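Please keep the model open while reading. These are brief notes from one pass through it.

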Amino acid sequence: MKPKIYIDGQAGTTGLEIYQRLSLREDIEILEIDPGKRKDEQERKKLMNEADLVFLCLPDDAAIKAVSLIENEHTKVIDASTAHRTLDSWVYGMPELNEEQRQKIKTQRWIANPGCHATGFILGVYPLVQNGAIKANQSIVCFSLTGYSGGGKKMIEQYEKNKTSDLMAPRIYGLNQMHKHLSEMKKICGLEGTPVFYPVVSDYYRGMATTISIENHRKQEIYDILNNWYKDSSLIHVSQRNEGMISGNEMAKKDSVELIVYGNDTRVGVTVLFDNLGKGACGAAIQNMNLMLGFNEWEGLNL
């Protein structure tokens, strides 16, 4: 029998894209909720307990409440909110960390889908920490550029229907250095301090460029570490670039990731390019679903 999938929060940006992608597949069955009952707790509870796997595309508090509605021991959950990403009782949904992480995703019920900015940061920083190029106690500065679809329906409407002059230029936010992705960035990378983080939203729909800087290391050394870490990955590609420019939307509409290493023998930059709705959200969620349900990991992904 085909696995049954329910998307709680299907009307949001992430939920809608997951639904659109999965509706093209013939190896699963999507459980539909009556649009008039999408906020009806009893109807949602019935569908969640009927499903083999539930995607939670909800605000944090609503996601926590939704988990409490699941009363059986078989329904698996992928939570796209921030609520469970740093809890030891949940598995962080990034199989690229190592093979042990991939196996946990395959075998556990509760998977926390990574945040978009955190995805870029961790993919760039984690291998460098593991190899000693970045120390756990080192101060790390990161800026991360995203398209406006990362802000959800309200921000999309601002940019597309109510655009004012300030929306025509990149905008730095998270000025209090308390961005919601910082806790998972710190924990998953095993850092002792919290990164200094500058998220930036700009006037294009989708795509991300997350950048970290590294001093006192050669470009070739950093490239070799990252390239060796991801050499067997079908999704992560590592390259070098020392001329031209890097555009934040180069990986738009793809679920794959490119890590670009550039600089010289004393100062190196690593920019992680991906789609905030791809590997930064929906693509990662579907990749995790594939692992959890025993499908080919890349099924339904645009690589």
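This is a predicted model: local features need pLDDT of at least 70, side-chain atom pairs count only at pLDDT 80 or more; totals for chains, interfaces and linings use all residues.

1. Strand β3. This strand covers residues 53-56. Leu53 and Phe55 point one way, Val54 and Leu56 the other way, and all are buried. In a regular strand the side chains alternate between the two faces of the sheet.

2. Neighbours of β3. Strand β1 (residues 4-8) runs parallel to β3, joined by four bridges. Here Ile5 stands opposite Leu53. Strand β4 (residues 76-79) also runs parallel to β3, again with four bridges. Phe55 stands opposite Ile78 in that pairing.

3. Main core. The largest nonpolar core has 61 residues. Which of them touch the most other members? They are Phe55, Phe121, Ile122 and Ile212. Helix α5 (residues 116-130) gives the most to this core, nine residues. A second, separate core holds 17 residues, including Leu31, Ala51, Ala63 and Leu69.

4. Phe55 in detail. Leaving aside residues up to four places away in sequence, Phe55 touches Ile5, Tyr6, Ile7, Asp8, Ile18, Leu22, Ile78, Ala285 and Met289.

5. Helices α4 and α9. The axes of α4 (residues 99-107) and α9 (residues 278-293) come within 7 Å and cross at roughly 70°. Angles of 65 to 115 degrees count as roughly perpendicular, so α4 is roughly perpendicular to α9. Arg102, Ile105 and Lys106 in α4 meet Asn288, Leu291 and Met292 in α9. By class, this contact has three nonpolar, one polar and two charged residues.

Terms used: Residues are numbered from 1 along each chain as its sequence is written. Side-chain values use heavy atoms; hydrogens and water are left out. Axes are lines fitted to C-alpha atoms, for helices over the stretch in contact, and angles run from 0 to 180 degrees between N-to-C directions. Helices (H or I, at least four residues) and strands (E, at least two) are DSSP runs, numbered from the N terminus. Angles under 35 degrees count as roughly parallel, over 145 as roughly antiparallel, 65 to 115 as roughly perpendicular and the rest as oblique. Contact means heavy atoms within 4.5 Å. Ala, Val, Leu, Ile, Met, Phe, Trp, Tyr, Cys and Pro count as nonpolar, Asp, Glu, Lys and Arg as charged, and the others, Gly among them, as polar. A nonpolar core is a set of buried Ala, Val, Leu, Ile, Met, Phe, Trp, Tyr and Cys residues joined through side-chain atoms within 4.5 Å. Buried means under 20% relative accessible area, exposed over 50%, partly exposed in between (1.4 Å probe, protein chains only). Two strands pair if DSSP finds at least two bridges between them.
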